[in-house]
Amino acid sequence: MSARDANNSETTNTLGTVVIGGGLSAAHCVHALREGGYTLPITLIASENEVPYERPPLSKEFLQGKKSESELAPFPASWYAEADIDLRLSVKAESIDVSGQNVILSDSSTVGYQHLVLATGCRSRLGGPESKMPGWDLPGVLTLRSLEDSKNMRERLLAGKHLVIVGSGWIGMEVAASARSAGMEVTVLTPGQIPLATAMGFEFGSHVAQLHTSQGVKFQFGTAVRGMSIEARGGLVVETATGGVQADLVLLAIGAVPNTELAEAAGIAVGTGVLVDPQLRSSDKNVLAIGDVADAYNTRLGRSLRVEHWDNAIRQGKLAAATILGRSESYDWLPYFFTDQFDLGMEYVGDRATDDEAVIRGDMRKGEFIIFWLRSGVITAGMNVNMWDVNDHLRDMIGTEVAVEKLKDSTNDLFAL
């Protein structure tokens, strides 16, 4: 069905598409709609007073002052006006009336829709599933999810000060590298024995730990944090089972929680996120979900998954637009993500399980290597570290069977495997 046919198949009123969210997936969804010839009204609702922007630089280039605020936006404010997008900033979606196909906003206005796209993203986890960590709201205790969060932290990255990071996932390790590069003393507290253990396994996690340690980052492994308090001198104390750790600044980087409340209240099915099919449609045929909040069925992997990464946000934004335009596309790509920490640059593609076999190609001591993960002899994921122009080939290798010895042997031409 063409974009024109899709438009004409709608009811004769002026209702169009409403997108809730101010991130990368929302921006690419509305952009792809207009680029695809969609002529009905589009409303984008963003709770922040910012043109929709991408978030990966918040813990890296922007936090380090290497990227400006204007460079975070995939499309400038002028584009939304030119494309006739009703961009509503600093307003929240309070509820969804699925039977009446309306969104009720925090300014008491109501927006009707034919298609609704939920791009509500995630928020920082502040503690356990039922309670917030004591001291989470103290001055100097920060999280990092928004541009405002990154601005606030950037102003506080002062040489000679002590930053304590609670958690050793992607955000925690990227901020550790940024803060240490700014001259701060950095201590990472984590209940695990290596950073990034769940996400990337022992081999890469150990390499990251060694890299950070060589740059002066301190780790306290096997450390459970009970909360934060203010000491007599006015500084912060991070309280653990073995005592207190003094800090000038604390970052809580203990994971993210998908913002599914709007969907749940509207009676839309939710799993680890908003449950959607390969075309990103929810249990309500008029409502789609994209980006970090979407628990989407991947046709290539044969299961649903929720992915909190840049590449997925862009692709799902475009896929949602294709679905609205009546095109027969589906969620069939492999997860991809990247990181930059000190002099380490990494790209990952695939879908590794925690018990997959890790095969290392190259010399980890030199900081240039590839890790393959295999399940029953079949490659499930690949990661290149400081080795460029190979990621597309690694993507092509996913799902193939290659002998382990050939993968390990760097004298074998990678592109011939």
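Student: How much accessible surface does the chain have, and what percentage belongs to carbon and sulfur atoms?

Tutor: Keep in mind that this is a predicted model. The accessible surface of the chain comes to about 18100 Å². The share that belongs to carbon and sulfur atoms is 47%.

Student: What's the secondary structure count, and why call the chain as compact as a globular protein of its length?

Tutor: The chain holds ten helices and 26 strands. For 417 residues the globule rule gives 22 Å, and the radius of gyration is close to that, so the chain is as compact as a globular protein of that length. The radius of gyration itself is 23 Å.

Student: What box do the C-alpha atoms fill, and what percentage of the residues count as buried?

Tutor: Taken along the principal axes, the box is roughly 65 × 60 × 35 Å. As for burial, we're talking about the 417 residues of the chain, and the buried part is 53%.

Student: Of the contacts between residues at least 6 apart in sequence, what percentage join residues at least 24 apart?

Tutor: Start from the contacts in the chain whose residues are at least 6 apart in sequence. Those that join residues at least 24 apart make up 61%.

Student: Let's pick a residue. Where is Ile 42, and is it buried or exposed?

Tutor: Ile 42 sits in strand S2, which covers residues 42–46. Its neighbours beyond four places in sequence include Val 30, Leu 33 and Ile 85. The relative accessibility of Ile 42 is 1%, and the cut-off for burial is under 20%. So Ile 42 counts as buried.

Student: Asp 86 and Arg 88: what joins their side chains, and at what N to O distance?

Tutor: Asp 86 also touches Ile 42, by the way. Arg 88 counts as partly exposed at 24% relative accessibility, and Asp 86 does too at 32%. Their side chains meet in a salt bridge, with an N to O distance of 3.0 Å.

Student: Which residue forms a salt bridge with Asp 356, and how many residues apart in sequence are the parts that the pair ties together?

Tutor: The partner is Arg 375, with the closest N and O atoms 2.9 Å apart. Asp 356 lies in the loop between strand S23 (344–350) and strand S24 (357–363), while Arg 375 is in strand S25 (residues 368–375), so the pair ties together parts 19 residues apart in sequence. Asp 356 is buried at 8%, whereas Arg 375 is partly exposed at 39%. To recap, the partner is Arg 375, and the separation is 19 residues.

Student: Last one: which side chain of opposite charge is nearest to Arg 395, and how far away is it?

Tutor: Arg 395 is in helix H9 (residues 391–397), and its contacts beyond four places in sequence include Arg 300, Arg 315 and Tyr 336. Arg 395 is buried yet has no salt bridge. A salt bridge needs a nitrogen within 4 Å of a carboxyl oxygen. The nearest side chain of opposite charge is Asp 392, at 4.7 Å.

Technical notes: Residues numbered from 1 in each chain as written. Predicted model: local features only at pLDDT ≥ 70, side-chain atom pairs only at ≥ 80, totals over all residues. Heavy atoms only, no water. Helix = DSSP H or I, 4+ residues; strand = E, 2+ residues; numbered from the N terminus. Rg over C-alpha atoms; globule rule 2.2 N^0.38 Å. Buried < 20%, exposed > 50% of the residue type's maximum accessible area, 1.4 Å probe, protein only. Contact = heavy atoms within 4.5 Å. Areas by Shrake-Rupley, 256 points an atom, 1.4 Å probe, with all protein chains shown as cover. Lys, Arg positive; Asp, Glu negative; His and termini not counted.
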